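User: Could we go through this structure together? I'd like to talk about rings, cavities and pockets.

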Amino acid sequence: MQLLIVHLGALGDLLLSRPSLLAIRRHFVQAEIDLLGYPHLLSLISDEMQARQIYNLEDFLFTIYTNTNRTFWQRYDFIVFFARGLPPDWQKSLGQTELIFIQTVPPPEIRQPVFTYQLEQLRKYGLNTQIPFEPLSLSPLEAKSEIFDLIIHPGSGSPTKNWPVSYFAEVIKTFSSLRLGIILGPADEKVGDKLFSLLKGENLNMSILKGLSLPDLAKEMRNARLFLGNDSGISHLAAALNIPTLVIFGPTDPQRWRPWGEKVKIFVPSLACAPCEEKRKECRDRQCLKMIKPKEVIEEITTHARFTL
């Protein structure tokens, strides 16, 4: 059987789909599976999915829902399509190819984990969706990586989801004697500049993890004793690697977006307006994030990891 899995999501979206992806791999044991999406993301799951080939979504970007790719779609016996929605007429391009469509995000009125919502859809197609958590499978390291006591990612794909940089700086100063790793992604330049200005003159045992591919970053992260971050794709990656993961939620809904993992602790504000999801773009104050104080996070780090200050 020739099976194609299409996933149009970003890093966090992809990792929230891991339970469903693993269910598909286990159900279609003999299938030859290809993946279509963003290669730098799909490379993270290619080993555990035993993927034959990864196709780049950018090659299909303007034609994915047209008849232009009819021949490509019809070479497969089965297509599993993960997306927020599909044009109603697109399925006509498939011919005899069977389709499973998985709506990746539940509507606003359904407050359940994204991964549960997706599994419930798969169950309707007769797949076994009792998928226990398992850490993300990575290829062996080519060289020995550092073992960090604490890895922190102070950014995210949206500044509206970020805990105040000054709060992260306070956590870093508190644990300055530990082996620290600070992740800075492509969207984190301003966050990094502000953080370093707040830490100027501090004596820190700290490495900056920047400019790495996702597989290489994952390999640097996987032996960490603890991770702290915002609601971001990197926090989902930490949870997938089975690192004890502390995630700060403010405007986004942890009931929907919490990472899939066994060692995840979330911080949520006690505020009537939170979560507000997309309305966060209209909020300039973001008290929901400010009210989660560094002391609370520091106490959890101390207790969780048994660090001695």
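**Rings, cavities and pockets**

Analyst: This is a predicted model, and one place to begin is Lys 265, whose charged end sits over the ring of Phe 267, 5.6 Å from the centre of that ring.

User: How many aromatic pairs does a search of the whole structure find?

Analyst: The search of the whole structure gives nine aromatic pairs. In one of them, the ring centres of Phe 28 and Phe 78 are 5.2 Å apart and the planes stand at 55 degrees, so this pair is tilted.

User: Where do Phe 28 and Phe 78 lie?

Analyst: Phe 28 is in the loop between α2 (18-27) and β2 (32-37), while Phe 78 belongs to strand β4 (residues 78-83), so the pair ties together parts that are 50 residues apart in sequence.

User: And are Phe 28 and Phe 78 buried or exposed?

Analyst: Phe 28 is buried, and Phe 78 is buried as well. Trp 163 and Phe 168 form an edge-to-face pair, with 5.0 Å from centre to centre and 90 degrees between the planes, and both of these residues are buried too.

User: Which residues form an aromatic cluster?

Analyst: One aromatic cluster is formed by Tyr 55, Phe 60, Phe 72, Trp 73 and Tyr 76.

User: Changing topic, how many cavities of 30 Å³ or more turn up?

Analyst: A search of the whole structure finds one cavity of 30 Å³ or more, and the largest cavity holds about 40 Å³ of space. Its lining is made by His 7, Asp 13, Leu 16, Ser 17, Thr 104, Val 105, Val 114, Gln 118 and Trp 257, and the elements that give two or more residues to that lining are α1 (11-16) and α6 (114-123).

User: What does the lining of the largest cavity look like by class?

Analyst: By class, the lining of the largest cavity has four nonpolar residues, four polar ones and one charged residue.

User: What about the largest pocket, what volume does it have?

Analyst: The largest pocket has a volume of about 1,100 Å³. It is lined by 42 residues, of which Ala 10, Gly 157, Lys 161, Ser 232 and Gly 233 are the closest to its centre. Among the elements that give two or more residues to this lining are β7 (180-184), β8 (206-210) and α10 (233-240), and the largest share, four residues, comes from α1.

User: How do the residues of that pocket's lining divide?

Analyst: The lining of the largest pocket divides into 17 nonpolar, 13 polar and twelve charged residues.

User: Which residues are closest to the centre of the second largest pocket?

Analyst: The second largest pocket has about 340 Å³ of space, and of the 16 residues lining it, Pro 159, Asn 162, Trp 163, Val 165 and Arg 286 are the closest to its centre. Two or more residues of that lining come from each of α8 and α12 (287-290), with α8 giving the most, three residues. The lining of the second largest pocket divides into seven nonpolar, three polar and six charged residues.

Key. Residues are numbered from 1 along each chain as its sequence is written. This is a predicted model: local features need pLDDT of at least 70, side-chain atom pairs count only at pLDDT 80 or more; totals for chains, interfaces and linings use all residues. Side-chain values use heavy atoms; hydrogens and water are left out. Rings of Phe, Tyr and Trp (its six-membered ring) pair if their centres lie within 6.5 Å; planes under 30 degrees apart count as stacked, over 60 as edge-to-face and the rest as tilted. Buried means under 20% relative accessible area, exposed over 50%, partly exposed in between (1.4 Å probe, protein chains only). A charge sits over a ring if NZ of Lys or CZ of Arg is within 6 Å of the ring centre and within 35 degrees of the ring normal. On a 1 Å grid over the protein atoms alone, a cavity is a set of points where a 1.4 Å probe fits but cannot get out, and a pocket is an open set with protein on both sides within 12 Å along at least five of seven lines; lining residues have an atom within 4 Å of a point. Grid points are joined across faces, edges and corners, and a volume is the space filled by probe spheres set on the points. Ala, Val, Leu, Ile, Met, Phe, Trp, Tyr, Cys and Pro count as nonpolar, Asp, Glu, Lys and Arg as charged, and the others, Gly among them, as polar.
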